[in-house]
Amino acid sequence: MKNMFLLDIFIIMIFTAGCGVESFTSASTSLIERRSFLNLTSLEEVEIDNNIRSTTLLIYPKAEDLESFEFEAPTAQAWNGVKEILSYGESVRTSIPLSMPAFDKSSQVIFTIISAGQARDDAYIAIKKAEVSLEKLLKERDELLAGTEKKLETIEDFVKGSECYYKDRPGKDENFICKLEKDDDFRRRKRIRDCDDIVEIEFPEFTEGENQILDSLKSDCNVLLEEEEKIKNGPIRDEIDRQQEIISLNSQYRDDGKQVVIDLLEGGVEKINSNVFLTTGAENEKPNDVGPYSIIKFSEDKKEIETFSLRLDLGTNYSEGAGFKEYSLENGKITDLRYYKRSNLETVLEFKIVTKDFTIEAELFESIQEYHGLRYVGDLIIKYPNGTTREGVGKIEVSLKK
Amino acid sequence: MKVLLIFLLSINIWGGDLRPPFLIPTAKVLPKGIRNVQYMGLLSNASSKYTETGDNLSVAEPLFKDLSFDNFLSGSIDAKDKATIQNIMNRTGLSGPDSFGQSTGDINVDAIANVPIFAYGFTNKLTVAVAVPIVRYAFSVSYGVRQNNLENFEAVEAAILETGKYGGVEEFYEKLGTPIQTKLEDYGYNQPQSEQGTKLGDIRVISRYQLLNNKINRLSFIGELTVPTGEDQDINRVVDVATGDGQFDIGAGFAYDYLLSRDFTFVSQAVYTVQLADTNPERIPLQFDSKASPDIDSSTSRDLGDFLTSQAGIVFNRFGINIGAIYGYQIKDSDSYSGNQFSAQRYTWLEDDTGQEMHTAQFVLGYDTISLFRQKKFFMPLMVNLTHLRVLDGRNVVSDPMTTLNLSVFF
């Protein structure tokens, strides 16, 4: 019996040892062949304006910030403007219902902020393109006008000091019937100074030959006057007006984009969570009538940043208080500034903004673009003393010198 | 820019709870004092399975996913990433169904289950057996991608460049080159690797009480208890060989034999098993068509579906030669999940494709020396059976055939 049992165990051990198992796999892979290559402009190749054109720091709300959030766009005009300029404007929601899941609310808020930023960027490019076109048109117009006016001046010089005498003022669309010599009937004097005068006079006493000369002069004047009119009020003028309208319209779109973000963050999210905010630095002009711009100044070789100072208004929710304040390396409110090349594609600007209420850590990526100029765009992390963190986006824009 | 994505993974090898039947059903019991030691060796490969709709697909099928904006958006776990993807999609004029290709994958699982079964006849009517499965396995996983629609890549690249974050372009191509690995990392899964190992399965205690035994009929009551000694699926692994489900099962049923003639016996068995409810850590899906998720509820309430297993067939035995053909049918209820950490709907997505059905055909060929031993012409009573099982049809079960070697000794 015992032997049987031991034999059983032995047999089981043999089968339990058994053969090994093996397994092989191979998943198919094929990658596309990239055709494009990146040809980037480097900072060394351009001259920049040390004054920062605009600074924007936005903190995104997290899902848990938005559990009790609902929103209806208060300023229809601004939201419609953003929707108009964007090719995908219909995707921008103007309302966020309470019932929407918090995660979706968060992604919708962020999407709207990104879209508003996109609208502002698109509008800025449109403005810059229009300004370039406008400059060219004005130059063309001025050149054409100068040419025409020179010819008109020649005629003016020719008839300078001339005068004739007429009997009665002509009616509408009638010419002055003139004589070169004054007499009892033709007593009123008309000076002949320029083409406008020439084209509206007739001399019945002129011989055929003299009239031919006069007609020829009138014809030249008409052509030149028509040319001048065309330049001042014709297609070029229309095009100038169009470009100016584009500038005006897109300036409005930029304001609309800003208003949308203000509506959403300041007017909406901040009402239920004051830790979510937006702050902007000066745009195109000083933040107030006194005080400097935000500044970024590079070393000669542009490998280091010598001066970095931001003028920011963090709003009323923090101990910094409302109104533009300076945050700089000098006053210690900007720290840990690093500017370096991370790879062939990435030049990085990192810094921290330190206040009593929070610390913002910025990791921004440098790009030089035809219309936007020098830009630093990237992610923010805001850390609060209680350990909470949030994410956001930062943008610093600097114009290029021509 | 953090791009992507994707989608779903998570494969439970061997189709879940229904286990293919390997033993010949019988209402026989051991005589009092007699012991029986059986060894069962099961050779299995899991490469294909029957789906919810009965289609036969590769187990790697969930890895084949369209790399589309729809999938990227629905799989996003970060609100900022989701908003960024949506913005890029809109900027490029592309839409949800537009895709960059397809992820691919291959999974192969080979296993040998060695199951010693120890049985003892306590009385002439009552036999109790204990089965201790030991599983030796090897699985390998590989992931790939088939990229296409170059114009979509270039459109997105241009949109990223407009943002000024030039590094985002390389990140975009990198992540679309390894979409599955990227998503696993985002979701906190361990990166899958090929693996070999040995695991203990759930120990089963089976009792058989003979109610009737006359010359022609045998009827026995069957009681079963499954003890969770096996390993449940590791929720941090996308591909895992689970040898148990971490909870107790209780089964009850009957076996019935009818002696058609001296050599032919009709055999049958039906057992209903209740899987007891418990709590278990689970990954709660983000979307209806993928079990992969970053969200874990460590106290998910779980009630695995109860199941019925039944078999019926004919066995021939003469001169120690055993030949059998047995049809099997099993059906399992869907599992039920609930919890408090996430929305109720997300827990219901865990229940998808957990209802199972299996139609099997079992062919047995064997030889025993019992009659020779009785005639003292052989030194020991032993039995060797080779069983080949084919899954004829099913729902949410592995469809690969299996082969079993069964060696039994009585003493």
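User: What do the buried residues of α5(B) pack against?

Analyst: In this predicted model, the buried residues of α5(B) pack against β5 (66-68), β6, β8, α4 (167-177) and β15 (278-283) of chain B. Helices (H or I, at least four residues) and strands (E, at least two) are DSSP runs, numbered from the N terminus. Residues are numbered from 1 along each chain as written, and chains are lettered from A, with ligands numbered from 1, in the order written. Local features need pLDDT of at least 70 and side-chain atom pairs count only at pLDDT 80 or more, while totals for chains, interfaces and linings use all residues; side-chain values use heavy atoms, without hydrogens and water.

User: Which residues of α5(B) are called buried, and what makes a residue buried?

Analyst: Buried means under 20% relative accessible area, exposed means over 50%, and partly exposed lies in between (1.4 Å probe, protein chains only). In α5(B), B:Pro179, B:Ile180, B:Thr182, B:Lys183, B:Leu184 and B:Tyr187 are buried. The helix is followed by B:Gly188, with a positive phi near 80 degrees. Over the 411 residues of chain B, 54% count as buried.

User: What makes a set of residues a nonpolar core, and which members of the largest one touch the most others?

Analyst: A nonpolar core is a set of buried Ala, Val, Leu, Ile, Met, Phe, Trp, Tyr and Cys residues joined through side-chain atoms within 4.5 Å. The largest has 34 residues, of which B:Ile107, B:Phe139, B:Tyr143 and B:Val239 touch the most other members. Its largest share, 7 residues, comes from β6(B). A second, separate core of 32 residues includes A:Ile353, A:Phe358, A:Ile368 and A:Leu380.

User: How do you know that the length of α3(A) agrees with its number of residues?

Analyst: The expected span of a helix is 1.5 Å times one less than its number of residues. Helix α3 of chain A (residues 102-159) has 58 residues and should therefore span 86 Å. Its end C-alpha atoms are 82 Å apart, which agrees. Just after α3(A), A:Gly161 takes a positive phi of about 85 degrees.

User: Why is the pairing of B:Lys82 and A:Asp104 called a salt bridge?

Analyst: A salt bridge is a side-chain nitrogen of Lys or Arg within 4 Å of a carboxyl oxygen of Asp or Glu. The N to O distance between B:Lys82 and A:Asp104 is 3.6 Å, so the pair qualifies. The count between chain A and chain B is 4 salt bridges.

User: How many residues are in contact across the two chains, and what area do they bury?

Analyst: In chain A, 56 residues are in contact with 61 residues of chain B. Buried area is the accessible area (1.4 Å probe) that two parts lose on being put together, summed over both. By that definition chain A and chain B bury about 5,000 Å², 59% of it on carbon and sulfur atoms.

User: What is the confidence in chain B?

Analyst: pLDDT is the predictor's confidence in each residue, from 0 to 100. The mean for chain B is 87, and 96% of its residues reach 70 or more. Over residues 1-16 of chain B, however, the pLDDT is below 50. Where pLDDT is low, the predicted coordinates should not be read in detail. The model scores ipTM 0.81 and pTM 0.77.

Technical notes:
Contact means heavy atoms within 4.5 Å.
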